[in-house]
Amino acid sequence: MRLILLGAPGSGKGTLGAMIERAYGFPRISTGDLLRRAVREGTPLGRQAEGIMARGGLVPDEVVTAIVRERIAEPDCRAGYILDGYPRTIAQAEALAVIDGGRREIVLSFEVSVESLVERLSGRIVCPACGAIYHLTRKPPAKPDLCDVCGAALQARKDDAAEIVRERIRVYESATAPLKAFYRERSDFRPVDGEGAADEVFVRTAALLDGELRRAEGGPVR
Ligand code: ADP
Ligand code: ZN
C-alpha cells in the first residue's frame, strides 16, 4: 500500500500527512523536508537544490527520485508509506511506477481555492528541527515562536514569501496538476475537500481512507 498526497502548496498535504501518519502508522516521506534537511546540512545534493527551491522551481526529477528510492527501501516502508510532495511531475510518477511498481496505490488530492492557499502560506511558520507546521492565526504554537513538539525556534519558510508563493502555485498548475488526470486513469484517485480546519479535513480523509483500506484488506484496519 502507498498513499500519494497531491495538492498545491498550502493545500494542507504536509499537515494532513502528519495526521495520517500518526493515525495509521505508515511513515510519511516528504521530499520537501528531505531536501530542506540536505540544504541545512550543506550536502552536495543540498547545494544543488538550494537555489532552485529558493526560487520556487522544481529540483530535477532524477535527483528527487533517487532520494525517494533510497528512503522507500528502508524496512519501515515495507507495509506501506505516505508520499508527500512526490511525485510532482508525470516523469516522477512514471519513475515511481518503475522503482516500486505493483503496490496498491491510493491518491488523495486535496482541493483548495487559490485564495485559501495564499492565506495559509502567508501565515505559515514551521519548525526547522522536526518539521511541525503552525500558522500565526489558524494554529499558533502555545508559546510564541517555539515548537510545541520539540521546543525549537519556529521560522517562516523563505519560499513562503508572496512572489515565490505565486511562482510555486504556477509551477503546481503546469507541472503537477496534470498528475490528477494521470492517476484518475491508473489508480484509486480520490479528491478531498481541503477547505476548513485541518481537523475537519482529517475527518473527511479518514472516512475515505477507512473505506479504501477495508475494501483492500477485507476488514477494518485501524
Ligand atoms: P510545497 O508543497 O508547500 O511547495 P514542499 O515542502 O513539498 O512544499 O517542497 C518545497 C520545495 O522543494 C519545492 O518548491 C521544490 O523546489 C522542492 N521539491 C519538493 N519535492 C519535489 C519534487 N518531488 N520534485 C521537485 N522538486 C521538489
Ligand atoms: Zn519541532
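## Terms and model

Helices here are DSSP runs of H or I with at least four residues, numbered from the N terminus. The model is predicted.

## The shell around ligand 1

## Polar contacts and cover of the ligand

For K13, an N or O atom of the side chain is 2.7 Å from an oxygen atom of the ligand. For G57, a polar backbone atom lies 2.5 Å from an oxygen atom of ligand 1. V59 also takes part through its backbone: one of its polar atoms there is 3.1 Å from a nitrogen atom of the ligand.

On its own, ligand 1 has 550 Å² of accessible area, and the protein covers 97% of this.

## Helices α5 and α8

Another feature of the model is a pair of helices. Helix α5 spans residues 90–99 and helix α8 spans residues 178–186. Their axes come within 9 Å and cross at roughly 35°.

From α5, the residues making the contact are I90, A93, E94 and L96. From α8, they are P178, L179, F182 and Y183. By class, seven residues of this contact are nonpolar, one is charged and none is polar.

Notes:
Residues numbered from 1 in each chain as written. Chains lettered and ligands numbered in written order. Predicted model: local features only at pLDDT ≥ 70, side-chain atom pairs only at ≥ 80, totals over all residues. Heavy atoms only, no water. Axes fitted to C-alpha atoms, helices over the stretch in contact; angles between N-to-C directions. Helix = DSSP H or I, 4+ residues; strand = E, 2+ residues; numbered from the N terminus. Contact = heavy atoms within 4.5 Å. Nonpolar A, V, L, I, M, F, W, Y, C, P; charged D, E, K, R; others polar. Polar contact = N/O pair within 3.5 Å; in protein donor to acceptor, adjacent residues only side chain to side chain. Areas by Shrake-Rupley, 256 points an atom, 1.4 Å probe, with all protein chains shown as cover.
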